[in-house]
Amino acid sequence: MARPVKAYLLVMTLLLLLPLQGAAQRLAIKTNVLSLATATPNLGFELVTGERLSLSISAFGSANPYWSDHSLGEETGTSFFAMRPEIRYWFNGRPLTRFYAGVNVLAATYDFPLWGMLHKGTAAGPGLSFGYVINLGKRLDLEFTSGAGLLFYWGKRFSGDTPLPAEDTMPDTKGYKLTPNQLGISLVYIIK
Amino acid sequence: MAQESSHTDEKEPSKGFLALKTNLLEWTVAIPNVSMMIDLSGKPWNRSVAGITLKYKWRTNETYVPSYMLNLLEIRPEYRYYLNNKFFVGGYAAYNNFAAKLPGKSIGWTGFTAGGGASAGMELPLYQYRKSALDIEFGLSLGAHYVLYQDFAIDASQTGIDFSDTRSGRILPYPELRIALVWRKTSVKGKYNSTNPMKEVYAREREAIQINLDATNKETFDAMQQGRLKVYQNDVFQDLYQSDPDAYRADFEAYLQESFVDIAMDNIERSRLDERSKDKLRKWVDSLRNKTLAEFDKTVKAELRKQKETEASADKLKDNQ
């Protein structure tokens with residue numbers, strides 16, 4: 001058989017198999033409205049992978065939101081970007097419904113002044129989350145989430161009223177903390 | 001039947017005498033916490049539970065001292081009594097070390113607190129699995145804690161902490177809110193709703209004893225009141241009572257023993273109750289016996305006095321005539 005035919009058959013077989021094995025598989029897209037209220041665009045996807053498990057990945061970030069602190073100069077402002085893959089366990093055996101507990105990893109880059117101090121660097125760490133999902137309709141869910149975790153960070157930090165020095169002359173900072181790391185009220189739309 | 005019930009009594013305790021719990025509200029402020037609760041008795045009608053909670057958020061290692069802090073190490077023993085398979089009340093004691101500083105403030109506090117208080121709440125079934133169950137608890141504790149603390153400030157280099165020399169102590173209210181997940185082999189539903197079936201047996205035995213005593217008493221005192229004073233078919237009684245009250249009393253004691261105490265003791269012995277309950281009932285029967293005898297003495301004394309008075313007045317009447 002010619003190669004294109006083989007490829008065609010393979011694709012067709014996969015397409016035929018998908019709905020069969022995907023009876024319980026669902027894909028959802030979501031956004032955290034609490035984040036949106038703080039001018040932080042965000043988007044998440046959630047893939048149901050079993051009776052009790054789902055895989056969620058979300059990203060959020062902002063650049064110079066309205067609440068940015070400009071106390072260290074106009075050129076400094078808040079900007080950050082973060083991603084969080086998460087595995088969720090659904091207690092009642094029906095994903096995207098009612099209570100779940102999750103294990104996740106948060107990775108972020110940040111650059112923001114806070115109380116007269118500039119923080120700049122990278123942070124990452126594991127976290128635990130817990131949430132509740134209400135089914136609003138056939139395809140629409142409302143999700144409440146909160147979580148905490150360890151956050152390891154390394155970067156620069158600068159405080160003072162002098163003009164900002166070059167980044168590599170700022171003092172290094174690193175460490176880790178146990179901190180709340182997510183809070184959300186999300187709208188979830190089930191794509192399929 | 002008795003054997004059957006004792007058989008299930010032995011089997012029951014393996015079904016979830018231990019519960020593991022974690023308070024979600026504390027996780028939202030990043031304080032890891034875990035509780036272990038143990039039934040205080042293996043009986044299926046047990047309602048008493050003892051628990052211990054550990055909360056530990058440690059001081060982290062950072063180049064610069066963080067601008068906000070909420071470090072806590074707490075140990076909290078607890079007792080609770082389940083009123084039914086939903087509500088519970090109880091008490092706790094707690095000791096903790098803490099360090100707290102709000103962001104943006106220059107001063108933080110560190111020290112310890114110790115105290116205790118009352119707690120109450122409800123537990124609802126959430127999910128039932130094949131071999132275990134997950135419940136959710138809504139609870140509240142309110143206590144009074146003695147707090148000994150000192151101020152601290154982050155030093156100029158922002159890498160160390162300056163502690164103030166003075167410590168202050170005071171007593172503060174200490175509330176705790178809980179929305180907790182509880183994992184157990186069995187759900188709270190159906191766990192704390194059975195009562196001791198022996199309690200009913202005990203109550204029935206007690207009632208029977210009381211009825212028997214009442215009947216005995218009634219017979220005796222009715223007879224006395226009517227001046228017959230023949231408690232059982234014994235005509236000597238009347239004479240005895242008048243001539244030799246002590247012998248009469250001994251007779252009554254024998255009668256009481258035979259018609260009440262022996263029967264009660266026999267019934268107790270034959271009941272399904274455990275030895276402790278039997279002993280309790282035996283003691284009770286003893287006390288009833290003594291009480292009855294005392295009452296008898298009182299009545300006899302009063303009766304004798306009355307007769308004497310009657311005789312005296314009769315004599316007087318005779319004299320007058």
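## Helix crossing in chain B

In this predicted model, α5(B) passes α6(B) in a right-handed crossing, a crossing being right-handed if the near helix is turned clockwise from the far one by less than a right angle, and left-handed if anticlockwise. The axes of α5(B) (residues 245-270) and α6(B) (residues 275-320) come within 10 Å and cross at roughly 155°, where axes are lines fitted to C-alpha atoms over the stretch in contact and angles run from 0 to 180 degrees between N-to-C directions. That angle is why α5(B) is roughly antiparallel to α6(B), a label that applies to angles over 145 degrees. Helices are DSSP runs of H or I with at least four residues, and strands are runs of E with at least two, both numbered from the N terminus.

Among the residues that make this contact are Phe252(B), Leu256(B) and Ile268(B) of α5(B) and Leu281(B), Arg289(B) and Phe296(B) of α6(B); two residues are in contact if their C-beta atoms, placed from the backbone, lie within 7 Å. By class, the contact has 13 nonpolar, 1 polar and 4 charged residues, with Ala, Val, Leu, Ile, Met, Phe, Trp, Tyr, Cys and Pro counted as nonpolar, Asp, Glu, Lys and Arg as charged, and the others, Gly among them, as polar.

## Barrel of chain A

In chain A, 8 strands close into an antiparallel barrel in the order β1-β2-β3-β4-β5-β6-β7-β8, with a twist that averages 25° from one strand to the next. Within it, β4 (residues 79-90) and β5 (residues 98-114) of chain A pair over 10 bridges in the antiparallel sense, pairing being assigned if DSSP finds at least two bridges, and Phe81(A) stands opposite Thr109(A) in β5(A).

## Contact between the chains

The contact takes 18 residues from chain A and 18 residues from chain B. On the side of chain A that touches chain B, β6 (117-135), β7 (140-159) and β8 (172-190) each supply at least two residues, and β8(A) gives the most, with 9 residues. The residues of that side divide into 9 nonpolar, 5 polar and 4 charged.

## Confidence and conventions

Chain A averages a pLDDT (the predictor's confidence in each residue, from 0 to 100) of 86, and 85% of its residues score at least 70.

Local features need pLDDT of at least 70 and side-chain atom pairs count only at pLDDT 80 or more, whereas totals for chains, interfaces and linings use all residues. Residues are numbered from 1 along each chain as its sequence is written, while chains are lettered from A and ligands numbered from 1 in the order in which they are written.

Key
Parallel < 35°, antiparallel > 145°, perpendicular 65-115°, else oblique.
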